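Dear colleague,

I am handing over the structure that we spoke about, with the sequence and the coordinates together. Please look through it first, and then read my notes on what was found.

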Amino acid sequence: QGGNHSTFLDRLVDAVQSHCPQISPQDRHCRDKEQDACSGHGWCLDSFCYCYQDYAGPKCDTHLLSALQYLPSSYPTQDVSHCHQSIALSRGMEGLSRTYNALQNPAVCDDSKSIQRRFNKTQGLGVTFRWLSLSLLLSLAEQKTLLIGGKWRAFNFEGCSDRGLWCYLLPSSNCSVSSWRWEEISEKDFYMPQVLVVPSEGIDQGQLWWSSQMTHLIMRPSVDLKEKVRRIKNSLSWSGRVVGLHVRHGDSCADIARRRCLPAGKYLEVAEEVLSRYRMDAIYLATDDPVVVEEAKKRGVRYISAPIKRHLFSNHMYIEHRLNLGVVDRKGVSDATFIDLMLLRDCDALVGTFGSHFSKVAYELSVGAKGYFPPFVSLDDPW
């Protein structure tokens, strides 16, 4: 956090004073120039904390990259500092959006000014989504257009085989590949850097924030997917605030090389604690195990779940291998995956396992859509 931040901080205070309502003195969170204000992880300006990269909370006391949970005492949008924090987080976002649109939709398409990525391996949907968002990160850093091609087996079904990923998402570019550069594709095939380098001045909100913006940009739902999600929400009487719960059992529990899967009851217990803490209205359950849905129905809490083919995931063989072999309903699997993901995005908190790329993507989409860090609990690894 070194360097001279005085100009930046002055601009931030000016923006806050112009847009945020006046707060009574007893509601303020810190005292200017107070020693160890903001837990030592932020600036105290005008009696509010502005957190350093990848720290969150009214007192900046949660490190988002290493914490297994972020559960502030009050829900972020209900805290008096929400306006101040949201302005700090949103700085530079309009410029990022303009840069993305200019690079991905150029007036003239030029393969030499592009980064190419192609589906040519059998990978799970979760890791594929994160790979795409990180590929977008690299293309922005190099100021090039990201072009995505290839036919992925998951989308090889009637009505979708020609469009692939764009059956569910808006096309990422108005350009297409005229000539593949196979050496580059092979070198970067499913390249997943451990540390993100933020390639833009003025956007220093941290790795989780930046990754969330990339995921949000590359995974904009198509008109058809939006309509499916809207209809399902109506059928579920979706209202109020909802806790998102992702329970991964299915194929991952059969792999002895992985850690043992947690019992469903543990997930349900934690989700219900979050529901109670923030006085939410329901828990949306996304899972690859239909037995968990039946177990949740027996509890004295309102659980809702989309009417999708969850039984398709109940098998000891990895779902991506079954998709590749064509021994499972590809459309059913793809529909279920995208619907669960978009509904988790729309939830107000998330309980899951960040050891699963699916849970990570769901949380990143939620951050990107909301513009703040919603509460989360990961039952295995930090983000």
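For what follows, a disulfide is taken to be a pair of cysteine sulfur atoms within 2.5 Å. Please keep in mind throughout that this is a predicted model. The link connects distant parts of the chain, with C38 in the loop between helix 1 and strand 1 and C49 in strand 2 (residues 48-51), eleven residues apart. As to solvent, buried means under 20% relative accessible area, and C38 counts as buried because its relative accessibility is 3%, while C49, with a relative accessible area of 0%, is buried as well.

The link of C30 and C44 is right-handed, with 100° about the S-S bond. Because C30 sits in the loop between helix 1 (6-19) and strand 1 (42-45), whereas C44 belongs to strand 1 itself, this pair ties together parts that are 14 residues apart in sequence. Both C30 and C44 are buried.

The other joins C51 to C60, with a distance of 2.2 Å from S to S. Here the torsion about the S-S bond is about -95°, so the disulfide of C51 and C60 is left-handed. C51 has a relative accessible area of 16% and is therefore buried, and C60, at 0%, is buried too.

Two further residues may be of interest when you go through the model. C347 has a relative accessibility of 1%, so this cysteine counts as buried. Q213 is found in helix 6 (residues 207-218), and with a relative accessible area of 6% Q213 is buried. Which residues does Q213 touch, not counting residues up to four places away in sequence? On that basis Q213 is in contact with M93, L96 and G368.

Conventions:
Residues are numbered from 1 along each chain as its sequence is written. This is a predicted model: local features need pLDDT of at least 70, side-chain atom pairs count only at pLDDT 80 or more; totals for chains, interfaces and linings use all residues. Side-chain values use heavy atoms; hydrogens and water are left out. Helices (H or I, at least four residues) and strands (E, at least two) are DSSP runs, numbered from the N terminus. Buried means under 20% relative accessible area, exposed over 50%, partly exposed in between (1.4 Å probe, protein chains only). Contact means heavy atoms within 4.5 Å.
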